[in-house]
Amino acid sequence: MIMFTRILSVGLGLAAVVSGFVLPSSSSRSKAQCTQTSTNRVVVVPSYQEAISANSIQRSFTSVSSSTQLGASADSSTTAEAASSSTATNTKQSSTSPPSDWEEQILSALSIIIDPDLNSDIVTLGFIKNLQIDSSSVISLDLELTTPACPVKDEFVNQCQDIINKLDWTRGADITLTAQPTPTPETAAPGTPLGMSQIGSVIAVSSCKGGVGKSTTSVNLAYALSKLGAKVGIFDADVYGPSLPTMVTPTDDNVQFIGRQIAPLTRDNVKLMSFGYVNEGSAVMRGPMVTQLLDQFLSLTNWGSLDYLILDMPPGTGDIQLTLSQRLNITAAVIVTTPQELSFVDVERGVEMFDTVNVPCVAVVENMAYFEKEKEELNIDEVLLKEQFKKVLDKEGMVDGDDGKSIIDDLVKIVQDNVQGKATDTSNEEIRIFGPGHKRRLSEQWGIEHSYSIPLLSQIAQNGDSGTPFILDNPDSPQAEIYFQLAKSVVSEVAKTKFGLGKSGGRPNIVYNSDIHIIEVTEVGQEEATISTANLRRACRCAECVEELSGKQILDPKSVSESIKPISMSPTGNYALSVDWSDGHRSLYPYRQIRSLIEDAKEGNVKEEAVL
């Protein structure tokens, strides 16, 4: 018994060692492409015999109507749940007539639907238009969203249908999706170039140095927004080294004129314009001439009606970048970088540049963040493994005969089970060849909540060189899904910036009350809260106050005087507050951190009261 126990102990040790004794697969496979949910989102329409795809919404967004009529059926199983809501109306008594206050009841019922970006209900936001009822008690309305690319438009339609159908006296719902119109030359902001007078939002894609994948991000972001249903254009503002002609081959590369204006080129419903399309090669000219050339391009290009214009900015933070930022009334910016420390410094410069011209940075793309290595298939050479076990056991003089063979078989089975358990993990290994990146620092120091890591993938580069955007050739790939998530976050942040309550995008109102030496924080729908100036100064998490790697606080809390006060306070983008302190220090506080400080203070007060 003692001998067998010793044998088993040695065997288990061997099994643990040789569990890695496997043969790599002899054939290398190409990188697997996972299937994502199709971007052609289907609106559930109980009364239609077919679903209306998002592509048809893109072609004629205002004409898409989704209805639920009494007795309607749906061919697809995807409409079963919504159809049951419509079928339920069959049980309603046909003699039921609408009440005199039917409009108030409908609006009251729909007011429970909340827009997740604007944090308000769709009735208060004025999304409900043309509310009507016909002689059959079928309700019809227009649902006017802030953008045709709204990520939750399908959910809004389904919620409206369900709520209306649950009212006893209704006989169905006819919901028509529309979007707020883009500006016209008459309603455009003063100073807007004529060719850009019908553009809803300008999104700048910027980096502070070249070669980080800014143009690749611009192109794929534009086509992701187009897939979501928006009307999109791309303007390549890099005159010295235009990239768009290489990355996107237009359907027709002949430049045409509309009167005295240039008609942009197109590819898959996205409008394109670059210096490289009208002049081969890059420009050789001084800065002031480049600024004038860009002004001419912006004034003479007839973009027509667009929901979003993606502005592929030239690298850097100089005169050209500042001029474009001030001239174009940019709505929001996306910063492109790489994981290296030097690139993080560039991100800071980019955020500060846009902050000086009051442009919020809504997302950061960490390009070439990692390399995806497919895990090799684990194959065990059982014969060789048994020979190795036998040699070790014979050397120890521990077993012989049938008993030894049985123990060796058991050990091999243990190894097989161990290897099989590892093989069930089919996810690719992420190798971060340029370091771990700085997403956490971006979130903590700058309050930028949307950051995306794009892998180093040869197919993305190949598509960029071939003239066909990656997202068009690989719409169902996991990498394309990252671009779609980026596009959705841009849509949400632009909505917060343009349509948020008080146009603050949901930011709290923070002021310093010098009379009582306290910082007051006010948010919509909440009671006023306060933070002491000293506590806020002590909470600074910049590189001078907190050690980056360990998170250890460098700033001694006792060194902060209770009399410290803010000299100035101003928002930075949508998510952070910049404070210049009387001790000469500048701090940046994400609103998330300020809210957390308020909650901690409230909990502290509750605990003190409980002790008393």
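In this predicted model, E493 is buried, with a relative accessible area of 1%. Its side chain meets that of K496 in a salt bridge, 3.2 Å from N to O. Both residues belong to helix α17, which spans residues 478-499. They stand three residues apart there, so about one helical turn separates them. K496 has a relative accessible area of 17%. That value counts as buried because the cut-off is under 20%.

A second bridge joins R537 and D583, at 3.0 Å from N to O. R537 lies in helix α18 (residues 533-538). D583 sits in the loop between β27 (576-581) and β28 (586-590). The pair therefore ties together parts that are 46 residues apart in sequence. How exposed or buried are the two ends? R537 is buried, at 5% relative accessibility. D583 is partly exposed, at 45%.

Next comes the pair R586 and D580. Their closest N and O atoms are 2.7 Å apart, and they form a salt bridge. R586 is exposed, with a relative accessible area of 56%. D580 counts as partly exposed, at 21% relative accessibility.

Now turn to a residue in another helix. T217 is placed in helix α6, residues 214-227. Is T217 buried or exposed? T217 counts as buried, at 0% relative accessibility. What does T217 touch, leaving aside its neighbours within four places in sequence? Its contacts are V205, V336, V365, Y483 and L486.

Most residues other than glycine have a negative phi. N119 has a positive phi, near 55°. N119 is found in the loop between β5 (114-115) and β6 (120-121). At 58% relative accessibility, N119 is exposed.

H517 also has a positive phi, near 55°. Its place is the loop between β23 (509-513) and β24 (518-522). What is the relative accessibility of H517? The value is 27%, so H517 counts as partly exposed.

Note on methods
Residues are numbered from 1 along each chain as its sequence is written. This is a predicted model: local features need pLDDT of at least 70, side-chain atom pairs count only at pLDDT 80 or more; totals for chains, interfaces and linings use all residues. Side-chain values use heavy atoms; hydrogens and water are left out. Helices (H or I, at least four residues) and strands (E, at least two) are DSSP runs, numbered from the N terminus. Buried means under 20% relative accessible area, exposed over 50%, partly exposed in between (1.4 Å probe, protein chains only). Contact means heavy atoms within 4.5 Å. A salt bridge is a side-chain nitrogen of Lys or Arg within 4 Å of a carboxyl oxygen of Asp or Glu.
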